[in-house]
Amino acid sequence: MDCPVEERLIRGKVAPMAGVARLDFDLMGRILTVHRTVAGAADIEAALAAIGMRAERLGDDASGDLPADDAPRLTRRQAALLGIAGAAAVAAEVLAWTTHTDGAPAVVALAVLSIAAGGLPTLKKGWIALRNLALNIHFLMSLAVAGAVAVGQWPEAAMVVFLFAVAELIESLALDRARNAVQGLLKLAPDTATVRGADGAWQDRPAGAVAVGDVLLVRPGDRIALDGVVRAGASAVDQAPITGESVPVDKAAGDTVFAGTINGRGVLEVEATSDSRHSTLARIVRIVGETQANRAPTQRFVDVFAQYYTPLVVVMAVLVAVVPALFFGAALAPWLYKALVLLVIACPCALVVSTPVAIVSGLTAATRLGLLVKGGQFLESGYRLRAVALDKTGTLTCGHPTVTQVHPFGGASSAQVLLLAASLDAQSTHPLAAAIVRAGPPAGAHPAVPHIQALPGRGARGAIDGAVYHLGNQRLMQELGAWSPAIEAVARRLEDQGHTVVVLAKGMAVLGALAIADPIRPGALHAIGRLQALGVATVMLTGDNARAAARVGGALGIDNVVAQLLPEDKLGALRQLQARYGAVGMVGDGINDAPALAQADIGFAMGAAGSDAAIETADVALMDDDLGKLPVFIAVSRATRRILVQNIAAALAIKAVFFGLALAGLATLWMAVFADVGASLLVVFNGLRLLRRRF
């Protein structure tokens, strides 16, 4: 099951069966999913066998990978039969040309040998198509061979069968490259893992047998078998297979790691947080498989077009064969031959295969780059985006307050200010206090503060080594009489930049001011610049205050900033953007972004790595929270669109040229095979270019 030609054959046989509600086709993975209301699959397997296909039932836990012996390859038997078929066909052509007769016994014998060696599979499939009234390529080729024999063109019949057999093999191997690109994702995670046993000893187990909570030993250079949390050790981990990050990420105790990523030089002990069926990698592979059932608009158009195009051309070929002989007294054989050439050229195989190969290649390329696209329709329609709306907190910024600057006063050092401030805030749960504690030294290095008094709305007070310290806002400092013009100048400058200012004082002497802000996400500036270079307008939609929004928008060069929006306001703002620009994308990370994400033409989710919700709900998930993936997605979408247009144009142009040659009597059957198969191979290899391209 390689292309929509076989899909239609299967659909016509299986869809009418009792209890069948829906059929889902994964052509690249060669998987048919049957949704039915009755139990059992024996009747479905029998129906598939009746149309020449052997079905292998997959279990519920199957990954979807093909058995090794089903992968297309040139066996010794195939090579021998093709060699015999080719040699006999060439010999028949040469003998017919030298003797000037196509019906000599030796020519007929060589042609029959060639057809028997290389053409029986095609003729068998043609007979199955005839029984099921399917106008596919095998039926058309079988009809062409029978017609050539009927008019005495034995060498032509042999050459047509041989060329078609070779071309089918080449096309099968080419399609297998696209299939392997998708299924290669399955091989990222190792089959075994080293697990700590009940006795504390390390032992190797199949990855599928590892349970949540088990501790894994990951040696230098090993691939990590399951999602987990580092419990001991430190190392740099190459997360490119999952997130697309080009630089290894440092990991230490408490950090999250993903299945399929590659450990660096350190040894890690990792506690599994998922089993093999529910890891981030497993979800990605499942989603990639499901996306192939979601057909892109161009693919749906081509499939509908082919349903009407093929019968129309068959009727045209019948008229070409019959009308000149019946109404104009022309000889039947030449016009019958022209009709057979038309039938071979008419096959829509190149047209229908032009879209799925390009879409699957584009989806695979996007996945390798850390973009999880939920369907071909989103990949193809991404080229239409003319504006992207972005949330601020957690999208353009890191999503949590951070100490960005420390300004010491009165001879104190920055390190001393941070140490004292972190000690006073160590027991507080306020977000600003948490930011100060994160910026300070480790918890064990803090001096003891036995009695801390919270001052609601102002800050905190505590005694350290007998001295009283205050940490808080301007109001608290003014109450203490510690506020001065020098501190006022520093605070005003920081606040104008969008920072929140917290001041530390010992008695009435100010020791330092700490500037706290939600920092801009690394890479955001480059991402916004690339989007604008691609001609995509950028708009910030945020519920934050106007001053903070303006600071971030100005720093990033965003085209338009709209602040202080409730979730329903974001929805209205997005609709206004769609009315202005047309297709608009939305990037968000929180529940408050959900209405706007649903309204957008394409919704992009942040925080996808390890997040079930993001992967399941978004149209496109950014696996490593890297906004730089946004312009990459648009570039991949535009490249995919260009290749789709090129493929369809090439397939139709080649057919149009050979239609003219056939009607003029300048095209032969073997030329028609070259034209049809050549067009198919052209669109396949053109689609595969997406797998090699850099974005």
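Visitor: What is the relative accessible area of Val 320?
Guide: This is a predicted model, in which local features need pLDDT of at least 70, side-chain atom pairs count only at pLDDT 80 or more, and totals for chains, interfaces and linings use all residues. Residues are numbered from 1 along each chain as its sequence is written, while side-chain values use heavy atoms, with hydrogens and water left out. Val 320 is found in helix 10 (residues 297–328); helices (H or I, at least four residues) and strands (E, at least two) are DSSP runs, numbered from the N terminus. With buried meaning under 20% relative accessible area, exposed over 50% and partly exposed in between (1.4 Å probe, protein chains only), Val 320 is buried because its value is 12%.

Visitor: How far apart in space are Val 320 and Leu 342, C-alpha to C-alpha?
Guide: Contact means heavy atoms within 4.5 Å. Leaving out residues up to four places away in sequence, Val 320 touches Trp 335, Lys 338, Ala 339, Leu 342 and Leu 663. Val 320 and Leu 342 are 22 residues apart in sequence, and their C-alpha separation is 9.0 Å.

Visitor: What distance separates the end C-alpha atoms of helix 11?
Guide: Among the buried residues of helix 11 are Lys 338, Ala 339 and Leu 342. The expected span of a helix is 1.5 Å times one less than its number of residues. Helix 11 (residues 332–346) has 15 residues, so it should span 21 Å, and this agrees with the distance between its end C-alpha atoms, 21 Å.

Visitor: Is Val 322 buried or partly exposed?
Guide: Val 322 lies in helix 10 and, together with Val 318, Leu 326, Phe 327 and Phe 328, makes a nonpolar surface patch of about 580 Å². Because its relative accessibility is 33%, Val 322 counts as partly exposed.

Visitor: How far is Pro 190 from Gly 260 in space, C-alpha to C-alpha?
Guide: Pro 190 is in the loop between helix 7 (154–183) and strand 3 (192–196). It is partly exposed, because its relative accessible area is 25%. Pro 190 and Gly 260 lie 70 residues apart in sequence, yet their C-alpha distance is 7.3 Å.

How values were computed
Patches are made of residues with over 30% relative accessible area and no salt bridge: like charges are joined within 9 Å, nonpolar side chains (Val, Leu, Ile, Met, Phe, Trp, Tyr) within 5 Å. Accessible areas come from the Shrake-Rupley method with a 1.4 Å probe; for residues, only the protein chains shown count as cover. A salt bridge is a side-chain nitrogen of Lys or Arg within 4 Å of a carboxyl oxygen of Asp or Glu.
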